[in-house]
Amino acid sequence: NVVFDWERMLSLDGNTAPFLMYSYARGRSLLRKGEVESVRMEPFVPVEPLERALTQQLLRFPEALQSALVNYRPNLLCEYLFGVATSFNRFYFELPVLQAEPDVRHRRILMVEATSRVLRKGLQILGIRPLERM
């Protein structure tokens, strides 16, 4: 049996669509605050452990999507996106992005943009319109 609970469903904590959208909106907000208008993606090398953890999550996107498609299980994509959002929030809370020295700032902005792109594409595939602001 499934128990439906609006409070749990709309929570910003845990594995929910609002948490995923909040994480996406947080990344977009960070780029706006940094007055970053467009990001041209380029290779970067993660240095800090939290940077590496987030990068490893992002690199699993094609695998997670393929698994969800092949197995007809969209929940696998949801679980993957939750992992990305969780890693991104740890990264964002513990490592300065906009206040970092220029080389580090550039690398971290690339990471924020890469995370935003993965979250946006994953949400779109699931039929959820990502919000730029929440």
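**Close-up views of a predicted model**

View 1. Residues are numbered from 1 along each chain as its sequence is written, and side-chain values use heavy atoms, with hydrogens and water left out. Helices are DSSP runs (H or I, at least four residues) numbered from the N terminus. The crossing of the two helices is left-handed, that is, the near helix is turned anticlockwise from the far one by less than a right angle.

**View 2. Side by side, helix 5 and helix 6 meet through a set of residues from each.** Helix 5 contributes L77, Y80, L81, V84, A85, F88 and F91, and helix 6 contributes R108, M111, V112, T115, V118, L119, G122, L123 and I125. Of these contact residues, 13 are nonpolar, 2 polar and 1 charged. Here Ala, Val, Leu, Ile, Met, Phe, Trp, Tyr, Cys and Pro count as nonpolar, Asp, Glu, Lys and Arg as charged, and the others, Gly among them, as polar. Contact means heavy atoms within 4.5 Å.

**View 3. N89 of helix 5 is buried.** Its relative accessible area is 8%, where buried means under 20%, exposed over 50% and partly exposed in between (1.4 Å probe, protein chains only). The N89 side chain reaches the backbone oxygen of A85 at 2.7 Å. Leaving aside neighbours within four places in sequence, N89 is in contact with F19, Y22, S23 and R26.

**View 4. Y22 belongs to helix 2.** Y22 is partly exposed, at 27% relative accessible area. The C-alpha atoms of Y22 and M134 are separated by 6.6 Å, although the two are 112 residues apart along the chain.

**View 5. E35 has a positive phi, near 55°.** E35 is in the loop between helix 2 (17-33) and helix 3 (49-59). With a relative accessible area of 70%, E35 is exposed. Most residues other than glycine have a negative phi.

**View 6. Y72 has a positive phi, near 55°.** The loop between helix 4 (61-70) and helix 5 holds Y72. Y72 is exposed, at 74% relative accessibility.

Note on methods. Predicted model: local features only at pLDDT ≥ 70, side-chain atom pairs only at ≥ 80, totals over all residues. Polar contact = N/O pair within 3.5 Å; in protein donor to acceptor, adjacent residues only side chain to side chain.
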